[in-house]
Amino acid sequence: MHHLGNFSLMAVVVMCAYAVVASLLGVRKQSSQLVNSARRALIAAAGFSALSVAALLALFLADDFRFEYVASYSAAALPWYYKVSALWAGNDGSLLFWTFLMLVFAAACAISRRRDELMPHVVATLGGVILFFAYMNYWVCNPFGQLAEITAAGPIPFTPRDGNGLNPLLQHPIMAIHPPILYTGYVGFVIPFAFCVAALWTRRLDAAWIQNTRRWTLIAWFFLGSGILLGGRWAYVELGWGGYWGWDPVENAALMPWLTGTAFLHSVMIQERKGMLKIWNAGLVIVTYLLCVFGTFLTRSGIVSSVHAFASSEFAWRFLVFIIFAAILSAALLITRVKDLRTENELEAVVSRESGFLFNNLLLLAACFAVLWGTLFPVLSEAVQGEQISVGAPFFNRVNVPLGLALLLMTGVGPLLAWRRSSLDSLKRNFTVPLLSGVAAGLLLFALGMRHPYAILCFAMSAFVVVTIGSEFHRGVRARRAHRGGSYGTALVDLVQRNTRRYGGYIVHFGIVLLFIGFAGNAFNKDVIADLNRGESTAIGPWKVTLQDLPGGETPVYNWLGAQVLLSKNDEPVGIFQPRRQLDKATGQATSEVRRHATFQEDVYLVFSGVTEDGRATVHVYRNPLVRWVWIGAFVMFLGTVLTLLPNRSPVRRAEVTAAEGAALEAV
C-alpha cells in the first residue's frame, strides 16, 4: 500500500509540473489541445492525491507500525475513527491532506470553469502553487517513510509492537471534523488567488474575475470561519481552562485571513457596482492567501508556542521562502498593472455607503494588523533583543475589543446609508428608530445595574443592528406586498428567495450580533477553586457544588479518576456531574474531562484538577454568562452563508424593484 502512496505522490508532482508547462505553452502557441491537457492533468493530480490519502488511511486502519508516521500517531487500542483523524495529527499527514484538499478545489474549478478565458493562467497558477506542496510531501516530509534501526551493518527495518498513540487532547469528536473544515477554508482561498493572478497576468481586470470567484471566496470564508468556531468549541469542552478563545498564535493565524477575506467580500460589491477599489481588492485577495500559507508556516515552524501547533520541523523555512517568493511575484504583477486598475468612479461623499464599506475594511485590516503584530512580537523581540517578550490576552483585548465594537456598529450603519451620498432627511428617516432602540437598550441595562462600559456598548450596538436588520426585512416585505399582495410570511419567503445574496448576508450579520452578545458575557465571568472533602461544598453566586464521591476506573486506552458532585441553584438540586482526570496509557499524558451545565443565561463549568496530599478533591468552578449565544450565533451564520450560496429563485426584474427594496444593503 505504501508503494501506491509513494507512486501517487510522484504522479501528483509530475501532473502539476505538466499542468504549468502545458498551460503556458498552450497560451503561447494558441493550442487549445495543450490548454485542455493541462486542465485534465490538474484533475488527474486530484485523483492521484486521493489515492495517496487512501493509502495512508489504509496503513493506519491496518495498524501497520512499520511506518514512522503511523507508529508516531496511532496505537492498536485506538478506536478506528481516531485512527482516521490521526491522518492530520502530525506534519507529514496534515500536509498530505492539505495538498489533497487544494487539488479537490483545483479540479472542481477546472471542471466548472473550463470555458473561462482566464483558465489557462488559472491552471498554471494552481499547478505552480500545488507543485510546491507536492514537492514538500514527496521529498521533504513523506508520510510513507519506514522505521529502521541503525546497526553497525547498516539500517535494519524495525517494527514496534505498538504505536505511540494519538495525543489525548485530539481524541475528541470535534477533532474528527475541525481540522478538515479549517483546512478547507485555508486552501479554498487558492482559487480567488489564482484568478487574481491570472487577471493581473492577462490584464483582464474588469469585474469578471471578481464575479467568477465570489462563490469560491464565500465557500472558503465559510469553512475557515466554521473551523475557527469549531476550534473554539473544542478548546472550551476539552482543554479545561474555562474559555473558548485565548489569542493563541495558531488561533490568530486562522483569524487573520478570515478578517481580510471578510474585507474582500464587502469591498468587492463596490467594484461590481461602482468600478472602484480595484487595486484594493486585488491586494486583499493576495494578502488573504499569503496569510493562509503563513498560518501553516506558524503551525509547523516552532517559532511560536501553541497547544495547536505541531512539533517544530527543520523544513518549515521552505514555507517562508515560498511566501516571500509568492509575495514578490504578486506585488510585481500588481505594481505593473496599476494603470489598468484605475478606478472608474470617485468617492462622492463621506456619508455614503461606499465610504461605509471603506471604513469597514479599514477596521478589519487594523484588527488583522493588531493580531499579526501581537502574534509576531515575541519572535521579533527575541531576534532584536535576545529576550522573548510575551504578549498575552490583555494586549489583544485592549486593542481588538474597541475595533470589534466599531465593526459591530458598522454592521448596522452600512444598510442605512445611501449609495453616492446620504441626505440629511434620509439619515433622519433611517437612523431614528434603530438609534433610539440602541440608546434605550443601553440605558435600561445601566438602570438595571450593569456598569461595564464595553458590555453596555456591545448590548446597545447589538440592539441597534438587530433593529436595522429587522427594518430592512420589513421594508422589503412591505414593498413586495404592495406590489404583489399576499400574506406577510409569503412575501418574506418570496423576498429572500429572489435575492438570497442580500438577505442571506443580513442573516450572517444577525449571527455576528449573537456572537458579540456571547462575547460580551466574558466581562462577567467568575470562577472559584476549592479543595473539598466528601460532603463539603463551595458556592459561586446562586450556584453550589457539593462533593459526593471520588470514583475511578480504567479503559483499554486510559485510567481515570473523577469527582462526583451535586450542582444546585438556590439550594434546589440541578443534577449530578462527574468531571474527570484521565491518564492516557500510550502517551502518559494527563487531561481533564470537564462537565458543564449550560443554559441560555450562563454555563456552570466544572473542572476536577486532582487530589491533594490529604485526600481532598480540587474542583475549579467557572460561571460563564451567555456562552451558549456564541454557538447559536455560529449556527445562524452557517444558515445565512448557505443561503447566500443558493441561486435566486428567478431574476429580479427591474420593474419589480421598488425604491424601498433598492435602498437595502446588498451585503454578503
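I began at Phe133, which is buried at a relative accessible area of 0%. Buried here means under 20% relative accessible area, exposed over 50%, and partly exposed in between, with a 1.4 Å probe and protein chains only.

Before going on I noted what I was looking at. This is a predicted model, where local features need pLDDT of at least 70, side-chain atom pairs count only at pLDDT 80 or more, and totals for chains, interfaces and linings use all residues. Residues are numbered from 1 along each chain as its sequence is written, and side-chain values use heavy atoms, with hydrogens and water left out.

**Aromatic pairs**

I looked up the rule for rings. Rings of Phe, Tyr and Trp (its six-membered ring) pair if their centres lie within 6.5 Å; planes under 30 degrees apart count as stacked, over 60 as edge-to-face and the rest as tilted. I got 42 aromatic pairs by this rule. Trp98 and Phe133 have ring centres 6.1 Å apart and planes at 20°, so I wrote them down as stacked. Trp98 belongs to helix α5 (residues 91-112) and Phe133 to helix α6 (residues 119-140), so this pair ties together parts that are 35 residues apart in sequence. Helices (H or I, at least four residues) and strands (E, at least two) are DSSP runs, numbered from the N terminus. Trp98 is buried too, with a relative accessible area of 1%.

Next I checked Phe193 and Tyr289. They form a stacked aromatic pair, with 4.8 Å centre to centre and 25° between the planes. The pair links distant parts of the chain, 96 residues apart: Phe193 is in helix α8 (residues 190-202) and Tyr289 in helix α11 (residues 278-301). Phe193 counts as buried at 4% relative accessibility. Tyr289 is buried as well, at 1%.

I then found one aromatic cluster whose members include Trp88, Trp98, Phe133, Tyr183 and Phe322.

**Charges over rings**

What sits over the ring of Phe446? I found the charged end of Arg451 there, 3.8 Å from the ring centre. The charged end of Arg628 sits over the ring of Phe600, 4.7 Å from its centre. The rule asks for NZ of Lys or CZ of Arg within 6 Å of the ring centre and within 35 degrees of the ring normal.

I looked at helix α18 (residues 500-520). This helix has 21 residues and reaches 30 Å from its first C-alpha to its last, close to the 30 Å expected at 1.5 Å a residue. The expected span is 1.5 Å times one less than the number of residues. Helix α18 is mostly covered, with 18 of its 21 residues buried.

**Two sheets**

Two strands pair if DSSP finds at least two bridges between them. I traced an open sheet of 4 strands in the order β4-β5-β8-β9, with antiparallel pairing. β4 (537-540) and β9 (572-577) are at the edges with a single partner strand each, so one side of each is left without a neighbour in the sheet. β4 and strand β5 (residues 543-549) run antiparallel and are joined by 4 bridges. Ile540 stands opposite Trp543 in β5.

Then I traced another open sheet of 4 strands, antiparallel, in the order β3-β14-β13-β12. Its edge strands are β3 (526-532) and β12 (595-598), each pairing on one side only. I counted 4 bridges between β12 and strand β13 (residues 602-611), which run antiparallel. Which residue of β13 stands opposite Ala598? I noted Asp603.
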